[in-house]
Amino acid sequence: MPPLTQKVAALADELVPVLAGYAADVDREARFPVESMNAIRESDLMGLLVPERYGGLGGDLGALGDVAGRLAAGCLSTAMIWTMHCQQVDTIARYGTPGLRDALLPRIAGGEVYVASVTTEQGKGGHLLTASAPLVPRGDRLAFDRVAPVVTGGLHADGYLITMREHEEAQPQRVSLVYAERDQVSVTQLGGWHALGMRGTESVPLRIAGEVPATQLVGEPGGFRTAAVESFVPAGHIGWVACWLGAARGAFADLVAVLRSGNRPATVDPRSDLVAERLARARMSLELVSAYLGRVVEDVDRARADGTSLEPAATQIHLNLLKVIGAELTYDAIERLVTLVGMRLGYLTGAQVPLERHLRDLRSASLNYANDRLLVATGTLAWLDRAIDLA
Amino acid sequence: MRWDAKFEAVVRANVPVLGAAQPLEPEDSLYDLGLDSMGTIQLLLELEDTFGVTFPDEVLKPETFATPGALWQVVHELDPSLA
């Protein structure tokens with residue numbers, strides 16, 4: 001493990017008991033994990049993807065994945081909030097103007113700023129590369145007024161990274177990305193977050209309106225697609241899958257500990273082939289996700305270090321399928337564990353291992369940017385990769 | 001360098017945003033005219049069928065489909081007998 005990854009792994013390991021301590025509460029009340037996020041802010045981890053010259057840790061996507069997985073074993077909602085923040089940070093660090101980077105990145109590294117992602121919009125069903133509400137130029141500033149149906153941690157954000165249509169006459173696929181500080185916008189909560197799982201992400205619908213200097217445009221006007229390909233999507237898919245895997249792996253670890261303890265449920269017979277087979281298949285699902293995640297992370301980090309684009313069809317296919325594989329197989333693993341342990345340990349709240357919460361949380365994975373969209377995109381890209389370059 | 005009329009017809013059929021009366025210029029952005037990844041595949045297949053050519057792997061990259069001019073250059077290189 002590279003030295004930086006070792007160092008941040010230790011930071012993450014210290015935080016896991018804090019996250020675990022609040023996880024049930026955060027889930028039951030569907031509230032943002034304020035205490036856990038404060039603990040993360042106090043560590044250096046909010047700046048994991050901030051380059052060192054701005055006071056950050058200068059971590060790569062491998063470090064992101066490692067930390068995300070550890071935190072997720074404590075609380076998946078908190079880990080996801082932090083991971084998505086890191087995804088925004090990566091895009092700002094790579095595509096922000098020098099002025100924005102100088103002003104914002106050190107504050108992020110210092111734990112002052114949690115950046116929320118605003119990409120959802122009515123009528124487009126989460127499709128990332130189209131936008132409806134436009135940016136309106138006003139001198140050297142850009143005004144906007146937009147509704148976002150799902151904003152992870154939106155009520156607790158210090159800043160927002162927002163997709164907007166480039167201007168009023170632009171086509172929907174001309175998407176711009178703009179950063180706004182909390183005090184540069186008015187934020188209106190339009191509803192609650194009443195979800196089966198990931199309840200602590202408090203992903204409420206918001207209306208966000210305001211005006212920012214044009215220097216807060218991140219990337220070229222209308223050019224979000226480039227930032228999406230090279231930063232936003234890879235950081236997102238790698239981070240999400242690492243979170244889901246970390247949660248599933250943590251659940252598996254907790255379960256094995258219970259099975260080895262005096263509290264083993266009477267229904268789980270250590271001599272049973274059925275029990276062994278079920279454990280093996282759950283483990284198999286985790287191994288497959290881990291292997292694929294590791295391969296894709298290695299390729300993507302090498303490409304980014306070399307300055308090679310992630311645009312080629314094969315790379316896009318790997319990144320898309322990573323998300324689908326991670327979503328399906330981590331849920332599959334928890335499904336199998338719940339079947340294995342039965343109702344008392346697998347379906348009731350307050351059980352020794354919160355398997356029912358993991359089941360609810362991981363059911364979201366396929367829906368968190370719908371697998372269907374990614375599969376159609378991947379199948380389309382498959383026409384262009386005659387070499388069939390596997391990860 | 002202008003292009004074969006059949007080429008323009010195939011491109012127009014695959015960029016829904018371009019109006020029939022609007023001109024198609026070599027430097028127009030096909031992406032801005034509504035060409036997405038599925039449209040790209042359709043366009044590729046139709047061009048290969050129409051001109052009896054096969055696009056080799058090395059030209060299957062975003063730059064090729066960025067503008068009509070870049071795309072025509074590839075088609076023309078595959079069959080120099082075209083106008």
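Visitor: Is A:A23 buried or exposed, and at what relative accessibility?

Guide: Buried means under 20% relative accessible area, exposed over 50%, and partly exposed in between (1.4 Å probe, protein chains only). A:A23 has 2% relative accessibility, so it counts as buried. Before we go on, this is a predicted model: local features need pLDDT of at least 70, side-chain atom pairs count only at pLDDT 80 or more, and totals for chains, interfaces and linings use all residues. Residues are numbered from 1 along each chain as its sequence is written, chains are lettered from A and ligands numbered from 1 in the order in which they are written, and side-chain values use heavy atoms, with hydrogens and water left out.

Visitor: In which helix does A:A23 lie?

Guide: Helices (H or I, at least four residues) and strands (E, at least two) are DSSP runs, numbered from the N terminus. A:A23 belongs to helix α1 of chain A.

Visitor: And which residues is A:A23 in contact with, leaving aside neighbours within four places in sequence?

Guide: Contact means heavy atoms within 4.5 Å. With those neighbours set aside, A:A23 contacts A:G74, A:C75 and A:R357. One of these, A:G74, is also among the buried residues of α3(A).

Visitor: Let's take α3(A) next. What should its 14 residues span at 1.5 Å a residue?

Guide: The expected span of a helix is 1.5 Å times one less than its number of residues. For helix α3 (residues 61-74) of chain A that gives 20 Å, and the end C-alpha atoms are 20 Å apart, so the two agree.

Visitor: How many of the residues of α3(A) are buried?

Guide: The count is 10 of the 14, so the rest of the structure largely encloses α3(A). Among them are A:L61, A:L64, A:V67 and A:L71. The buried residues pack against α1 (3-29), α2 (34-42), α4 (76-95), α6 (224-260), α7 (273-306) and α10 (355-363) of chain A.

Visitor: What does a side-chain oxygen of A:D60 reach at the start of α3(A)?

Guide: A polar contact is a pair of N or O atoms within 3.5 Å; within protein, one must be able to donate a hydrogen and the other to accept it, and residues adjacent in sequence count only if both atoms are side-chain atoms. Here the A:D60 oxygen comes to within 3.2 Å of the backbone nitrogen of A:G62.

Visitor: On to the strands. In what order do three strands form an open sheet?

Guide: Two strands pair if DSSP finds at least two bridges between them. In chain A the order is β1-β4-β5, with mixed pairing. β1 (115-118) and β5 (175-181) stand at the edges with a single partner strand each, so one side of each has no neighbour in the sheet.

Visitor: How many bridges join β1(A) to β4(A)?

Guide: Four, and these strands run parallel; A:V115 stands opposite A:G159. Strand β4 (residues 159-165) and β5(A), in contrast, pair in the antiparallel sense over seven bridges, and there A:Y160 has A:A180 as its bridge partner.

Visitor: Which residues point one way from β4(A), and which the other way?

Guide: A:G159, A:L161, A:T163 and A:R165 point one way, and A:Y160, A:I162 and A:M164 the other. Seven of the seven residues are buried, so β4(A) is largely enclosed by the rest of the structure. In β1(A), A:S117 is buried too, with a relative accessible area of 9%. A:S117 touches A:L161, as well as A:M84, A:Q88, A:V151 and A:F232, not counting residues up to four places away in sequence.

Visitor: What do β2(A) and β3(A) form?

Guide: A hairpin with two residues between the strands, where A:G139 in the turn has a positive phi of about 65 degrees. Three bridges join β2 (residues 136-138) to β3(A), antiparallel, with A:R138 partnered by A:R141. A:R141 also has a bridge partner in β7(A), namely A:P213. Strand β3 (residues 141-151) and β7 (residues 204-213) run antiparallel, joined by nine bridges. β7(A) is also joined to β6 (residues 185-189) by five bridges, again antiparallel.

Visitor: Last one: how much do chain B and chain A bury between them?

Guide: Buried area is the accessible area (1.4 Å probe) that two parts lose on being put together, summed over both. Here that comes to about 1300 Å², 63% of it on carbon and sulfur atoms. B:Y31, B:D32 and B:I41 lose the most area in chain B, together 42% of what that side buries. The contact takes 16 residues from chain B and 12 residues from chain A.
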